[in-house]
Amino acid sequence: MRRFFLIATPYAWLLALFLVPFLIVLKISLSDTALAIPPYVPKLDWAEGIGAFLSQLDFENFAFLTEDDLYWKAYLSSLQIAVVSTVFTLIIGYPIAYGMARAPDEWRPTLMMLVILPFWTSFLIRVYAWMGILSQEGFLNQFLLWIGVIDTPLTILNTNTAVYIGIVYTYLPFMILPIYAALDRMDGSLIEAAEDLGCSRLTAFWLVTIPLSRNGIVAGSFLVFIPALGEFVIPSLLGGSGTLMIGKILWEEFFSNRDWPVASAVAVILLLILVIPIVLFQRNQQKQAEAEQ
Amino acid sequence: MMRLSWFNVISLTLGFAFLYIPMIILVIFSFNASKLVTVWAGFSTKWYGELIQNEAFLNAAWVTLKVAVFSSTLATILGTMAAYVLVRSGRFLGRTLFSGMIYAPLVMPEVITGLSLLLLFIGLGLDRGILTIVLAHTTFSMCYVSVVVSSRLATFDQSLEEAALDLGCSPAEAFRLVTLPIIAPAVISGWLLAFTLSLDDLVIASFTSGPSATTLPIKIYSAVRLGVSPEINALSTLMIAVVTIGVIAASLVSKRNLVRQRKEEQTAIRAE
């Protein structure tokens, strides 16, 4: 009885507030646009039976998504932005994690704290901080003009460059922590062995350190890529009108156009795209857990 | 232990500069006398004064705090139960679905979670307000809590619990007297995580809040969309200060515990 209660409470909560809402999204994405605009009241009439339900299904919204190139472009550009910023986060994060792993033992707790601190700080505020830096009269332009690299201020805010900077900045701790964890577990004598056997430091790094930190690299990359793909705050505050990202499109479709069926269809496709990286990520985590045992 | 090369030193310096300079600029310019956020015009605390008098912000802060306290407490209870089920309950009907529902919200884009919950609340005819935000926040943060707590439960020596049961504890007593004190650090960090996730959330709160309840991130977002403002800088500084003090305090406590634990281990070894 106690066991039943223990399992049933969180189970029922998640069914009611996670699975059912998602099924509603699926249902609305397949319902008729004409009837449904604007505020669609979901009809959950299961009594009609499966046959009636299936006959009502309508792929019009998905067809609409393929007709208008806006959506294709938004999916592609979200993918591109997520991939490119993941690569940049890796390039910037790896040396930091590597430096942390080689730092003296007594520094490490402090370095760890310095990486975790931004993670606890409000996401919105960290994105906002860049608005003052990247604007036309912002600090970056002031600095570059002062050292004489440029003559006229650069336009960075409200472009895709600003979105890349924002994603790299806010997700950097997610990249650093798993790589640091992998490097920290590594046996330092392996590098010495490689060097004794005639490897240069660079070759030893390339042939020993990188492969041994592979799991950390993979985990960190997924931890950046997955949330970056559906990101809303960064493209909406740092990006321009030309920045197409699917999270932003969904938001606008919902709040500005009030087209709920299309917003739901956009959500369903975003999720379908995310299924592959999520499954790969889970598999990587499982492999790592098994390797540790 | 290896020595730091010049490359390590440079990458650490540049990396931490990149992480911290934006926030430091934000803090410095919250004390700027000028309305223009990018031009320094002398030291002033007037934006803090204006912030305290801004009733809209204060109300939003109060709503946010209430939502965070309720949702993180509920999420901690539900998340700890879920962790217990995942680690201890063995097989039961629909276990795969259950663990899927625990892990899926962690990677679900916020826009989708928000949209789907809003459609549910409308379908149920619930008025959007504090209650709906609390329900939404509890749902996604309980998953974070259960991940944190289950990793602690998995490494925990189950024979301690069995010993308590053998010595005549009821299962509830064994949980309260043995298990709970051992997993307490994880439960507390789960609560803190749920609390900050709730304080921080803009997207899900925007979908699930109504005109009667505006949270601080929603307020900040709508102010920030119009551009940089010194009042927001002041507000951000206060939030950064609270987090910094909290994180430093937490790391000092854990460091002290570590030192004490090492000492105890050494005394134990000497006694043998």
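**Close-ups of a two-chain predicted model**

**View 1. Chain A comes in two domains.** The centres of domain 1 and domain 2 of chain A, taken over C-alpha atoms, are 34 Å apart. Domain 1 covers 1-58 and domain 2 covers 62-292, with bounds from an automatic or database domain assignment. This is a predicted model, where local features need pLDDT of at least 70, side-chain atom pairs count only at pLDDT 80 or more, and totals for chains, interfaces and linings use all residues. Residues are numbered from 1 along each chain as its sequence is written, while chains are lettered from A and ligands numbered from 1 in the order in which they are written.

**View 2. Chain B is built from helices.** Chain B has 11 helices and zero strands (DSSP runs numbered from the N terminus: H or I of at least four residues for helices, E of at least two for strands). Its C-alpha trace spans about 70 × 60 × 35 Å along the principal axes. Of the 272 residues of chain B, 39% are buried, meaning that 20 or more other C-beta atoms, placed from the backbone, lie within 10 Å of a residue's own.

**View 3. Here's helix α1 of chain B, kink included.** α1(B) runs over residues 6-29 and reaches 33 Å from first C-alpha to last, close to the expected 34 Å (1.5 Å times one less than its number of residues). Shortly before the proline P22(B), there's a kink of about 35° at Y20(B), the angle between axes fitted to the seven residues ending there and the seven starting there.

**View 4. What's tucked away in α1(B)?** Buried residues include G15(B), P22(B) and F29(B).

Definitions and conventions:
Buried ≥ 20, exposed ≤ 12 C-beta atoms within 10 Å, placed from the backbone.
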